[in-house]
Each structure stands twice: as C-alpha cells, then as structure tokens.
Amino acid sequence: MPAISRQRFFRYAGATLVTAIMTIGAALSTAPPTHAAPDDGKTVATLGHIDAPKTYWEGGTFVLKNEAHGKVYPLEQTVNWVGKGYNDTTQAQQFIYHVPDDPEVRFLRDTSATWYMAPQLPGWNQAPIWAGFGADADIPIEQFAGRTFTLDLVDFDGPGRMELMNYTTLGPLKILTRLISSHNPDLRSTWLTAGSHTHNMTLFSKPGRYTATYRVTARSADGTLIASRKYPHVWQVGGSQPGSTPSASLSDQFAAASDAPPQAGAYSLTVRPHHGRDNDGDDQLTDLVASVPEGASGTVTFLIDGYFLAEVPVKDGRATWPEMLGNTTSSLQAVFIPADGTHARWVSPEVSYSTGDAAATVSSPASAQGLPQPASHDPAPAFSTDAYTPTDLGFTLTLTPEDGETFSTTIRFNDPKIRATIRGGYYEAGANNPTCGLEPSEMVSGSKGAATASITYMQSDCDGMSLRFTVLPHALVGALPTEVAIPTPVNTAQPLTYSGTLTAASPAAPADPDSNPSDATGTDDKPGGSETGTDPGSNPGAKPGTTPGAHTDSPLTQADPRLILSDGHVDIQARLEANGRLGIALKDDTRQHAHSSQVRELSSVAFALDDNTRRSTPRTPSGAANGPNFLPTPPAKYYLLDQEQRQGALWPGWSTTEVDAERAESLTLHLEPRSIPEGASYHVFTLGTFGETTELINSTRELTSITMPANIHAHAAWAFTQPGVYLLDASYSGTIDGAPASSGKQCLTVLVGHQAILDHRSGKTPSCADTPTAGTPTPDTPAGGAPSTEAQPTDSGETKTDNADAGTTPQDAAGAQSTGEQHASASASGAPLASVTPLGTQRLASSGTHGGMVAGALILAALGCACVARHPRCS
C-alpha cells in the first residue's frame, strides 16, 4: 500500500474516529424501546483504550474497576464490546484471528481455526477495541509477601473459550506469551504488581455474551491471606452494541407477549453463508435471518447456545444479523417479541451450524412456553478458591544441558497441587537484574500431573553467572515466598540440581468477602455507570516532582543527584502548564524512589540500561542476520528496552493524555542527540504481530522526532548500539489553540551498560549542564523552514519561548479523543528503509505485558536472542 502524507493520515484517522463515535451515538439515541439486551444501560467500553479489570486498593482491600476512555467505573457497571473492526488505513478486518500453522499456537487451532479478536495492535482508530488489564501504581505492595499479588479468573461462563495472549513473529521466530486462559487451569491466575498493565490479544472461540469473574489475592507480610470479593466482568463479543438506557429483560418481555400458537409456516429461522462481499472478512460471516408474519413489528433476539448474541428490529417481516461464528458447531435460535398483541411471540427450534455449512432453515410451529437457557457446549473447568496446605513443601531445581548449545532450567514441586511461579534467573557479577530471567508464562501447577515449569536458553548467554531466584506461591497455598541463591558461577554445559524447601504459612482464609457484598467498594450492579465515571487520578496542574499525598524520594548514596530509573514504567509527557504553555515532564511509575506515581523534570533523572539488557541480533538457521536492518549485525551486541514490560528493565513510553485533544491538533516528540558515545546510535521502533518493523527514531539518519495526535499513550522498543552515556535533548512541539507551541528542551540522561551506571553513581559521567547542545538542527525547525528560537527557562523556572515554530504543519483533525495508549506515526524526516512499514500504516506496540508475567520468549528473544526454546540459533 502506498504511503500517505502525514497531514492526510491525521485528517483521515481523526475523521474516521469522529464519524464512528457520531454513528454510535446516533445508534444509541434511536434504539427501539423494545430492546432487551442484557447489558443495556451499562457503560460500553469499546473503540478505544480499555484497562479492565484494573486492580485498585481502597478501604484496606483490593477493588476491581474498568478504566475506559480516561475514566474509571465500577467493573460490574460496564461491558466490553468487541464488534466488527477494520484498519483505518488499509480497511483490512481486524476482528477475526486466523490461527497460523505454528506449533506454539496449536492449542488455539485444536479448538477453532478462527477466533473472534480484540487485537493487540488495532491502529489509530482502535477498532474494535484496544483492551488489556493491569494494576494501579499506588497499590501498597510493600505490605505484601513478595511485593506481588494475583488476579484470579475464578469463574467463567459463555458459549466458548477466552484466551488472553500476545503473539509476534520476526522471520522464523514465533514469540508467544500466554496471560490468561478460561480453560487452561495453569492460566487461571496471573501475577501483577503495582503499575503493571497489558495490551494484548483477547480471543474468543465463539461470539456471544461472556461473564468472566475475577478475584484478587495476596499474602500480607505476616502471612495473612488478603482476598477481594468476586467481580463479574462482561464481554459482548460480536452481536449488537448494548443500548445507552436500561430496558426490560428478554424474559420479562417474553412473558408479557401474546402466547397464542404461532401461525403455521409464518415464522422461520434461516442460517446461511453471508450474502455480499462489501468488506474484508465478509467471506467468514454467516447470516442469521428470522422471518415473521408480514406486517408484524417488534424485535428478534438471536441466541447462540442459549447466550445472548444480537437484537435486531424487524423490518418488512425480516430481521437479519451477519456474524462470524467460528469453526465450532453452535446451536442458534431466534426469539421474536412482537410490538403489539396482534401477533404471537415465537421461539425457533435450534439450528446446529458451523461456518461454511450449507444453508439450514427451521420454521414454526415451535414451543413458545419458555426461553432457552444458556448451555455451553464447552464449559470451563472449576477454579477452587479454597486455601490449600501442601503435604510436602520441598522442590527441586535442575539445570540440564541440551543439544550442545542450549540448556533448560526446570523447577518441580514435590506436592503436585502447589501453584506458584518463579522470579530471578542467572546474574552477572554485581548485577541487580538477571541476564537470563526465569519467568514462566504459565503458573507452576499440577494440572498436568506434576507441578513443573521449564525455560530454555543458549548456554553461551548465561554461562559463568550466579543463579538467584524467588519462589512465589499463590496466596491460597500455605507457603511464603522463598529466596534461593547459588553464588558459585554456573557452568551451563554441566548438569546441576538444587533441592530446597518453601517456608510454611498459615493456610487459614479470611471471612468470605462475598458474604456481605454491600460492605465492599463498588458493589452496585445497577446500570448507569456512565454517570459514575471518575478521573483515574491525573493531576495536570501539579508541578513536576510533586504528587499530592506521595512519599518523597529517599536519599541516594551517589555523587550525581540525577535519580537512576532502571525498572518499571515511565512516560515522557506532554503537558499544558497552568499558564497555558506547552510543557514536558516525566511520569514516573517505577516506585523506585517513592511509593506512588511521580511527575518529575526529565533533567532530574537518568534512564539506566544494565548489562541484562544487552542483546545480539537473531540469526536464521543458515547463520544470516534476521533482525531490523538498522541494528548491529552478529556478533556485535547492543542494549534493548522491549516494547513490552518485563522484569528488571525500564519500560519508557510517551504520553500526550494531559493535553486536551480539542486544543491540540497534533504533537511532536523530539529526541535530539546532545552527546552520545563515539560511533554509537540510538533507535526507537516497533515490531508488529506479523513481523513488520516500524522505525520511529534513528539517530544515524537524523530521524529524531515522532509525531502523534493529542491524547495518546504509547510504547515502543528502544535500542542503543554502544555502552556509555547518552545525553538527549527532549521536547514537544505542536499547535495549541491554533498557534505554534514548543515546550522548550530538557536534557535526558541515558546510562547504557553497568559501567556507565557505576560511573554515574561516583559522579564521573558528563552532565547536561556541562555539555552544550549539539550543533544540529533544532527540533523546532520544520522541514524546509527557518529555525526558531530555543525555549529558555526564566528566573522563576517557567519556560519562555520567543517566536517558537511548532515544527510541524498544523493538522486538520484532533485525532483520537479517548485517553489511553495508541499508535503513533514516525516523523517524515528521512527516507524510509526498505524494511520499514510505510508511514500510512505505521503502528505502535501494544503496551506491554504485565510485570513478572512475560516468559523468556518475548520480543527480547526475537530481537535479542535471550530465550531460544524452539527458536532458531542466535549468535
């Protein structure tokens, strides 16, 4: 597809989203009063950035909510709707997932070759939904054993299965991270920590209405079990969008309708392959067509396995709904509710159907004495919320060399009923984070007959390092986190066995928090959540470095006052200051120097990439380099921060959510080199689901800016080719209230490699104050335009800008209106590389996997050859 101009792209993306929102609003305002969808009146989370369930800490316990479109709602007052979605530039469908022929995802194909999809990379318009889950940064993890807690899927009801996962390809590499599964007992719990969140694929094997019930559990530092109440979270997959106002239930409307015998031959349900090929993916649709007597009016509710699917008004004696049913067999029915008493209600007989089957028709008469009841053909296994006391607390960790190049690390518990995970790995001398991490994506569990987990690495990547890890039992297991350290350097070519014992904890559970739900926060299940949405806690007026009610920084024993940030989530923020000027700051969610989220000056911190972030470009089996062509070729190494959050590494992104989209048309983030090591370069890029690489910043090509709409939050991969200290001038420019604006520059320090971190602590690294700005074009200089005056701080600390140019042409559309993480396009500076996605189709990464849940085989494996289980050889 040819590239389109940045101006046209913003105009098109913004217009598309605005049109979609207007269309949805019109649909809600004209909904027939007879509609009886079960979630009418709830807040509908769709077409945007959604974090649900998101864990909060209120009143001394965990609370689950839905953060949708920048507001926070009680979880049970919301519904996530996944409709039919299409890419805003290519018009390709992005709601049907065709399972690739890859052993890694065979578990999907064993159920269905096609799944309904909420995509991990939905594009600018975020259609049909950009969904994830996570945890608030202010949860007091210091009070919990292991500083972590679990999100448990304790119950699941719906017509099919649900899978939460990320899947990325890079050449022959296939990288799968499974997060939550409705039917895999090892994936019914997932570990979280404060500030972690995901943006992932959410897949369903069938359309219809699903209820996923969650609970959060943790152990306090003294071993006491902490458990939230159970929270239902509804997904409407496919089908019609829930209405904006509450309506009578289908059962009530059915009971009130005429129960006269239906007219023979006048009612029918036909299920057939979809007629028409107007949109991409239409060949995968099935038409459900209900016919009623001519002249009859009312609505038809379509059911799948007894679960709500769609509600359609009758027009000219028919109601038709096209839907992607998947490849499993479903029982389909139609329920007609007449608008008056002159026609009879009707429940059709069942039609058993799978996508691609020949057309099938059933007709009246049929039993109309009662409604069908939901009955899944594939019910989920039960999840026990009972506390468990292990019969044996022993475990064994083994290192096993394999095939002369790789080795596996396996942990096995003596009691197969133990549920746990492990954190840590193989550490270089003096390192705080593992170079080869142990983070199984699936919980260690006995569902397969033995409680085991195994991870494979290249021997050369981890040889000679010390092994340290922590076993983290699930809070329901009567055991506490147990730390293990094997300080002797490990020979990865030799077998190793270590046996240990977990520390026992009291298995006694607290009183059932669901026994009196009226005492819990956010228990109201009444419709009307749109009236109760609250701001998630942003504070645009706060000065950088201050957060109301936050802990202050603890003193650091280092010569340089810049705070080192090395693990957790940070965003380079665009902000509107109190005086209306455009500003720049750092939102720090790392909790490394405070117990809550902080807003800081960029010049007051230093990003740190320890040696555990060092990687090499992957190779194909033939030995050829198989990575982005702007990264070093093997055997040269570089330092990588993944586009997804992972243990022991910083996760930097950028955010314009503090800038009102009605006041700003677009914003540009500039990262100009002030001083970098000789021969070094830095890069920001993304890796897509199907292996496409999108280059955003490349210092070797003077591609040093990223242009995006206001009101977005995004993440990408960051690579630095040499160790040392990088000083970057960061700024935002754009158009505010129709006038050019610039934040002025702040100097950001990036410490790459362990030695640079040590030098910084001893005051030996260059400072921004002592390093003049490089004589390169300023970020305020548009292509072909005149340079502008650099913003200068005044004596009062405010930024003063004279004749500042915005650096970009004002755009015609404000872009996405909902807050949250979105995709951004790269600056048009420089010619695109052959391997880079054209500007018109550029997409940013899904925003990460949650802390502590990423398996070794992630983007770091694809780009950095860390975990190589079932993967081609790396250098």
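Me: What makes the pair Cys747 and Cys768 a disulfide?
Reply: In this predicted model, the sulfur atoms of Cys747 and Cys768 are 1.9 Å apart. A disulfide is called when two cysteine sulfur atoms lie within 2.5 Å, so the pair qualifies. Local features need pLDDT of at least 70 and side-chain atom pairs 80 or more, while totals for chains, interfaces and linings use all residues. Residues are numbered from 1 along each chain as its sequence is written, and side-chain values use heavy atoms, without hydrogens or water.

Me: Why is the disulfide of Cys747 and Cys768 called left-handed?
Reply: The torsion about its S-S bond is about -70 degrees, and the link is therefore left-handed. It joins distant parts of the chain, 21 residues apart: Cys747 lies in strand β52 (residues 746-752), and Cys768 in the loop between α5 (754-761) and β53 (792-793). Helices (H or I, at least four residues) and strands (E, at least two) are DSSP runs numbered from the N terminus.

Me: Are Cys747 and Cys768 buried or exposed?
Reply: Buried means under 20% relative accessible area, exposed over 50%, and partly exposed in between, with a 1.4 Å probe and protein chains only. Cys747 has 6% and Cys768 has 13%, so both count as buried.

Me: How many disulfides does a search of the whole structure find?
Reply: The search finds two. The other links Cys436 and Cys462, with sulfur atoms 1.9 Å apart, and is left-handed at -100 degrees about the S-S bond. Cys436 belongs to strand β29 (residues 436-437) and Cys462 to helix α4 (residues 459-462), 26 residues apart. Cys436 is buried at 1%, as is Cys462 at 0%.

Me: What makes strand β49 covered on both faces?
Reply: In β49 (residues 717-720), Ala717 and Ala719 on one side are buried, as are Trp718 and Phe720 on the other. In a regular strand the side chains alternate between the two faces of the sheet.

Me: How do you know that β42 and β49 pair, and which other strand pairs with β49?
Reply: Pairing requires at least two DSSP bridges between two strands. Strand β42 (residues 637-641) has three with β49, in the antiparallel sense, so the two strands pair; Leu640 is the bridge partner of Ala719. Strand β45 (residues 682-687) pairs antiparallel with β49 over four bridges, where Phe685 is partnered by Ala717.

Me: Why do β4 and β8 count as edges?
Reply: Four strands form an open sheet of mixed pairing in the order β4-β3-β2-β8. β4 (71-74) and β8 (130-135) each have a single partner strand, so one side of each lacks a neighbour in the sheet. Strand β2 (residues 49-58) and β8 pair in the parallel sense over five bridges, and Lys54 stands opposite Gly134 in β8.

Me: What is the volume of the second largest cavity, and how is its lining made up by class?
Reply: The second largest cavity has a volume of about 100 Å³; the search finds four cavities of 30 Å³ or more. Of its 15 lining residues, the closest to the centre are Ala145, Thr148, Arg219, Pro473 and Ala475. The largest share of the lining, three residues, comes from β14. By class, the lining has 10 nonpolar, four polar and one charged residues. A cavity is a set of points on a 1 Å grid over the protein atoms alone where a 1.4 Å probe fits but cannot get out, and lining residues have an atom within 4 Å of a point. Ala, Val, Leu, Ile, Met, Phe, Trp, Tyr, Cys and Pro count as nonpolar, Asp, Glu, Lys and Arg as charged, and the others as polar.

Definitions and conventions:
On a 1 Å grid over the protein atoms alone, a cavity is a set of points where a 1.4 Å probe fits but cannot get out, and a pocket is an open set with protein on both sides within 12 Å along at least five of seven lines; lining residues have an atom within 4 Å of a point. Grid points are joined across faces, edges and corners, and a volume is the space filled by probe spheres set on the points.
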